[in-house]
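Subject: Structure handover

Hello,

Here is the structure you asked for, with my notes below it. Please keep the two together when you file them.

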Amino acid sequence: MSTAVDMPRFVRAQQVEALPPPNLARGPVAWVRENLFSGPFNTLLTLVVFYLLYISVPPLAKFLVIDAVWSGSDRAACRADMGGSETGACWAFIWEKLNYFTYGSYTVSERWRVDIFFALLAVGVGWLLWLKAPRRDLGAVYFFWLFPVASYILLTGGNADFSGGFWLGFLIFGALLIAVFALMAAILKTSLRPALIVGGGIVGFIGITLALMDMDFGLQHVPTSLWGGVLVTLLVATVGIVFSLPFGILLALGRRSKLPIVRMASVIFIEFVRGVPLITVLIMANTMLPLFLPGDITVDRLLRPLIGTALFSSAYMAEVVRGGLQAMPKGQYEGAMSLGLNYPQMMILIILPQALRIVIPGIVNTFIGLFKDTSLVAIVGIFDVVKTIEASRIDPNWAAPTIGLTGYAFAALFYFIFCFGMSRYSLGVERRLAAGQKR
Amino acid sequence: MTSQTIQAAAVDPKAESAVQMIDVHKWYGEFHVLRDINLNVRRGERIVICGPSGSGKSTMIRCINRLEEHQKGRIIVDGIELTNDLKRIDEVRRDVGMVFQHFNLFPHLTILENCTLAPIWVKKMPKKEAEEVAMHYLKRVKIPEQANKYPGQLSGGQQQRVAIARSLCMSPKIMLFDEPTSALDPEMVKEVLDTMVGLAEEGMTMLCVTHEMGFARQVADRVIFMDYGQIVEMNTPDEFFKNPQHERTKLFLSQILH
């Protein structure tokens with residue numbers, strides 16, 4: 001029974017049952033018609049795209065795969081005048097130089113240490129990124145403490161050789177830190193014991209870390225000037241990513257702080273760093289940092305750009321995080337406050353988990369930007385992947401017309417794999433989080 | 001106003017009063033939003049506050065747990081005077097539960113986690129015990145079966161009942177309700193009001209901003225009518241509805257009671 005328009009009165013006698021949608025058109029032909037040729041404009045776009053694919057994909061495939069040279073031990077394979085082929089990419093060159101692209105000039109007999117570093121990094125990243133992994137709390141301890149210390153020992157050879165003066169300085173610093181904690185406890189009128197335990201714990205923790213770095217494991221010392229390639233790129237990117245997020249969060253909170261000095265300091269830092277190109281920051285970190293430090297302290301030449309990129313990306317991260325904080329409704333703060341949560345609890349338990357979730361795309365965007373920006377450390381003489389390719393490109397042993405193109409194609413592939421991986425991972429996380437909590 | 005005189009308040013934890021507001025004033029910039037508020041709420045008393053929008057009702061009860069700061073006068077909650085001292089503010093908030101118009105549940109936590117969060121982190125209750133307490137109150141608001149869902153999966157009425165349970169998990173001495181039914185579909189108002197009536201019958205001290213006059217008649221000990229940031233009239237519900245004194249009250253009641 002249907003409702004007639006001209007009926008003066010109507011009472012429904014029976015429920016209208018749910019029906020399946022009409023079976024208009026299904027299958028591939030219908031899909032193509034609906035999605036590719038649904039109107040004149042759409043049809044035109046489809047044809048243009050097909051044409052562009054037609055003129056770009058076949059030559060690319062021809063160069064990269066079909067005509068490519070896969071084996072050979074020197075330029076002869078990739079030069080027409082020496083009997084080789086020069087219409088396609090010269091993968092033989094990449095294969096030959098792969099060790100250099102991976103380790104730079106790292107001492108050949110010690111390269112197993114770098115391999116272990118790669119393996120440790122993969123384990124750490126996998127542990128933390130796999131959301132259902134067991135004991136992710138231990139994973140965090142591993143990634144943020146054990147892994148960095150082990151990497152330092154492995155890569156440099158450890159045995160930092162701290163002087164007696166250094167240890168004396170550390171003792172004074174430790175005593176001061178504990179005193180500060182005790183003082184804070186006295187000011188806040190809380191009991192002294194936990195403050196002493198926390199202070200002592202921090203000092204002991206730093207002490208153990210330093211002692212491990214100082215210990216002699218009998219490994220040969222490899223100076224950072226020899227490091228290069230994928231090793232340096234991953235190192236700079238990992239350090240930048242790991243430091244930029246927490247620093248960025250602190251800066252974002254600082255910028256929204258009610259304390260004028262904290263707010264001013266955050267704003268000045270963020271606006272200054274964002275207003276300056278990364279290359280400038282790197283050159284300043286490289287040449288000006290030593291000027292500000294006392295003469296007998298030298299900062300490692302790899303550490304300088306490491307600090308530079310981390311600070312640079314944390315300024316960008318701060319603005320991304322601030323965007324998330326702005327998006328939080330006031331009610332969430334009020335709900336948290338009305339339950340008696342204090343500021344750190346409110347931020348860590350309620351606000352940041354939600355705010356960071358909103359800005360996952362922005363965070364990953366910053367990470368991807370940072371990963372590619374690591375190629376700029378070459379400007380201060382660090383041999384990252386791109387720089388090692390640059391250096392190999394002019395090797396007379398491999399002088400052939402396609403070498404440059406091949407090298408850059410390899411670089412593109414390397415960066416693409418990592419950046420695309422990050423992008424896909426973040427999409428997965430977004431989807432997973434969205435499934436749990438529909439608003 | 002009423003014959004009630006407010007003693008110069010001595011801070012006394014065993015005071016008869018749950019909430020004392022003495023000559024409270026508040027400004028938003030130039031705008032004088034609360035004017036000369038004097039209110040003494042006894043323990044176990046149920047107070048309903050009504051008035052046109054913008055009359056300062058919400059602001060007044062939000063001053064009680066310091067979501068809003070007052071600029072003049074004194075507010076003493078459960079024997080603790082509210083000042084800039086953060087520690088005292090936290091103490092007061094621990095004892096004062098609040099239910100909001102828009103629920104303000106935490107959408108990234110399950111219903112159970114919403115309820116156990118504050119007991120675990122603020123009261124340092126062991127997780128297991130907190131969960132038992134939470135389930136107890138979720139049963140009381142009649143939605144224990146939703147414990148593992150997220151707030152976004154519940155109806156408005158259910159969410160508001162969770163919000164009430166969440167507050168109760170802190171075993172508050174005073175409950176503030178800020179228009180708890182205004183954002184609900186009409187079908188869901190009753191389930192929330194029933195929960196609140198149950199709470200009132202158990203002797204909870206309640207301050208409730210609402211336009212549900214049936215609720216006011218049923219449970220309130222006193223009804224307060226506010227306008228232009230002032231308490232215009234305060235009386236028992238019988239007298240208030242039958243025999244309003246002030247012109248503004250009469251006008252207001254004539255508009256909301258048909």
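A:L231 is buried, because its relative accessible area is 0%, under the 20% cut-off for that class. The model is a predicted one, and this value, like the others below, is computed from it. A:L231 sits in helix α8 of chain A. Leaving out residues up to four places away in sequence, A:L231 touches A:T102, A:Y106, A:V114, A:F117, A:F118 and A:L155. A:G381 is 150 residues away from A:L231 along the chain, and the C-alpha atoms of the two are separated by 15 Å.

On the nonpolar cores: the largest one has 88 residues, and A:W227, A:L325 and A:I350 have the most contacts inside it. Helix α8 of chain A, residues 230-255, gives the most to this core, with ten residues. A second, separate core has 47 residues, among them B:Y137, B:V192, B:V197 and B:M213.

A:I350 has contacts in both chains. In chain A it touches A:Q332, A:A336, A:L341 and A:Q345, and in chain B it touches B:F106, B:H108, B:L109 and B:L117, again not counting residues up to four places away in sequence.

A:T366 belongs to helix α15 of chain A, which covers residues 360-373. Is A:T366 buried or exposed? A:T366 is buried, because its relative accessible area of 14% is under 20%. Apart from its neighbours within four places in sequence, A:T366 is in contact with A:S313, A:Y316, A:M317 and A:V320.

Next, chain B as a whole. Its secondary structure comes to nine helices and ten strands. The C-alpha trace spans about 50 × 45 × 35 Å along the principal axes of chain B. The radius of gyration of chain B is 18 Å, which agrees with the value near 18 Å for a compact globule of 258 residues. Of the 258 residues in chain B, 58% are buried. Among contacts in chain B with a separation of 6 or more, 66% are between residues 24 or more positions apart.

As for the surface of chain B, the accessible area comes to about 11500 Å², and carbon and sulfur atoms account for 48% of that.

Regards

Notes
Residues numbered from 1 in each chain as written. Chains lettered and ligands numbered in written order. Predicted model: local features only at pLDDT ≥ 70, side-chain atom pairs only at ≥ 80, totals over all residues. Heavy atoms only, no water. Helix = DSSP H or I, 4+ residues; strand = E, 2+ residues; numbered from the N terminus. Rg over C-alpha atoms; globule rule 2.2 N^0.38 Å. Buried < 20%, exposed > 50% of the residue type's maximum accessible area, 1.4 Å probe, protein only. Contact = heavy atoms within 4.5 Å. Areas by Shrake-Rupley, 256 points an atom, 1.4 Å probe, with all protein chains shown as cover. Core = buried A, V, L, I, M, F, W, Y, C linked by side-chain atoms within 4.5 Å.
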